[in-house]
Amino acid sequence: MVAARAGVSTATVSLVANGKTRGRVSEDNISRVRDAISELGYVVDGIGSSLAKGVSSIVILVAPDISNPFFAKVITGVRESLGADYQLLLSVTEAGEFPQADDVRKLMALRPAGLLVDAPDAEFLEELSAAGPLVLLDAPGLEAYAPSVNLDVAHGARELAAHLAAAGHKCAAYVDSVTGTATFDVRRTAFLEEAAARGISVPPECIISTTIDVGTAAAAFVRAWPQWQRNGVTAVVCGTDTHAYGVLQEARVAGVRIPEELAVAGFDDLPYSATSNPGLTSVHLPATPLGLKAGEQLRSLMEGRPLEQPQVTLESSLVVRGSTA
């Protein structure tokens with residue numbers, strides 16, 4: 001219909017609709033086709049096109065708990081690396097839940113060009129059995145399944161334990177995430193081991209878990225604080241900055257002086273951590289570079305280029321601010 005309205009071939013319409021006119025279609029024909037497209041309200045049938053080609057331009061990013069602000073920065077990096085040639089489709093879960101392989105397999109009917117999976121577990125990857133280009137993000141210990149871009153969260157966790165020990169803390173609490181993904185296991189284990197080695201005790205009753213939500217973490221702190229006081233806790237480490245914001249909020253309400261009575265620290269180094277009152281000490285995890293590098297790796301695979309380094313690890317670092325200093 002577009003070709004008939006514009007007085008050109010269907011091949012010319014295809015070139016114009018897909019932005020492949022350079023050196024192939026005259027400006028006059030481009031103008032006529034665009035006018036006809038506008039008049040008829042034509043859009044390219046992406047599904048039909050993907051069936052014809054065997055693959056679409058869609059890239060699926062599977063991410064847990066997108067309410068965590070950390071993932072917004074990851075997505076920014078992925079989007080930048082993919083450029084205009086690919087469309088990013090998010091497959092997300094409810095807070096505290098693992099992605100389901102069946103849900104992702106349904107999306108595979110769209111014939112995506114590639115798949116990115118953030119913070120998976122081995123069971124999910126085994127159930128998914130995805131064919132085609134796949135890159136994992138923040139998936140320590142799962143490198144055997146696919147190329148991956150990981151964060152050295154253990155290094156930052158150990159730096160944090162050393163910082164608290166140097167400040168004289170002897171008893172600490174830990175606020176974990178309920179997601180149970182490998183990255184949270186790594187940061188918790190690394191901190192607890194280094195803390196023990198440096199003379200800081202973390203009693204089992206002083207380790208709690210919540211969803212990655214400020215309000216939920218705040219309520220959990222209110223319930224836990226009396227027990228922490230009885231144990232002599234003077235510092236709390238949170239699995240994410242989002243958890244730490246909840247602790248800071250309710251500590252102020254309770255009149256707890258930060259950091260004189262309670263030092264507070266987190267992981268992620270979100271933008272708000274530099275401007276909170278006091279500023280939040282946090283393990284900096286490069287979220288945007290994580291997404292950027294993972295997108296670059298996937299794009300190379302989708303375009304048939306070999307990866308020079310299938311397994312990449314990005315460094316973490318401790319940023320000390322007023323909540324512990």
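By class, 6 nonpolar, 5 polar and 5 charged residues make up the lining of the largest cavity. The model is predicted, and the cavity described here comes from a search of the whole structure, which finds 1 cavity of 30 Å³ or more. Rolling a probe the size of a water molecule over the atoms shows where empty space is left.

The volume of the largest cavity is about 120 Å³. Its lining consists of 16 residues, and N68, F71, D138, T183 and F184 are the ones that lie nearest the centre of the cavity. At least two residues of the lining come from helix 5 (69-82), and at least two from helix 9 (182-197). Helix 9 gives the largest share of the lining, 3 residues.

A second topic is the packing of two helices. Such a pair is described by the angle between the axes and the distance between the axes. The axes of helix 2 (residues 10-17) and helix 3 (residues 27-40) cross at roughly 85 degrees and come within 10 Å of each other. Helix 2 is therefore roughly perpendicular to helix 3, since angles of 65 to 115 degrees count as such. The residues that make this contact are listed by helix below.

| Helix | Residues in the contact |
|---|---|
| Helix 2 | T12, V13 and V16 |
| Helix 3 | I30, V33 and R34 |

Sorted by class, the residues of the contact of helix 2 with helix 3 are 4 nonpolar, 1 polar and 1 charged.

Definitions and conventions: Residues are numbered from 1 along each chain as its sequence is written. This is a predicted model: local features need pLDDT of at least 70, side-chain atom pairs count only at pLDDT 80 or more; totals for chains, interfaces and linings use all residues. Side-chain values use heavy atoms; hydrogens and water are left out. On a 1 Å grid over the protein atoms alone, a cavity is a set of points where a 1.4 Å probe fits but cannot get out, and a pocket is an open set with protein on both sides within 12 Å along at least five of seven lines; lining residues have an atom within 4 Å of a point. Grid points are joined across faces, edges and corners, and a volume is the space filled by probe spheres set on the points. Helices (H or I, at least four residues) and strands (E, at least two) are DSSP runs, numbered from the N terminus. Ala, Val, Leu, Ile, Met, Phe, Trp, Tyr, Cys and Pro count as nonpolar, Asp, Glu, Lys and Arg as charged, and the others, Gly among them, as polar. Axes are lines fitted to C-alpha atoms, for helices over the stretch in contact, and angles run from 0 to 180 degrees between N-to-C directions. Angles under 35 degrees count as roughly parallel, over 145 as roughly antiparallel, 65 to 115 as roughly perpendicular and the rest as oblique. Contact means heavy atoms within 4.5 Å.
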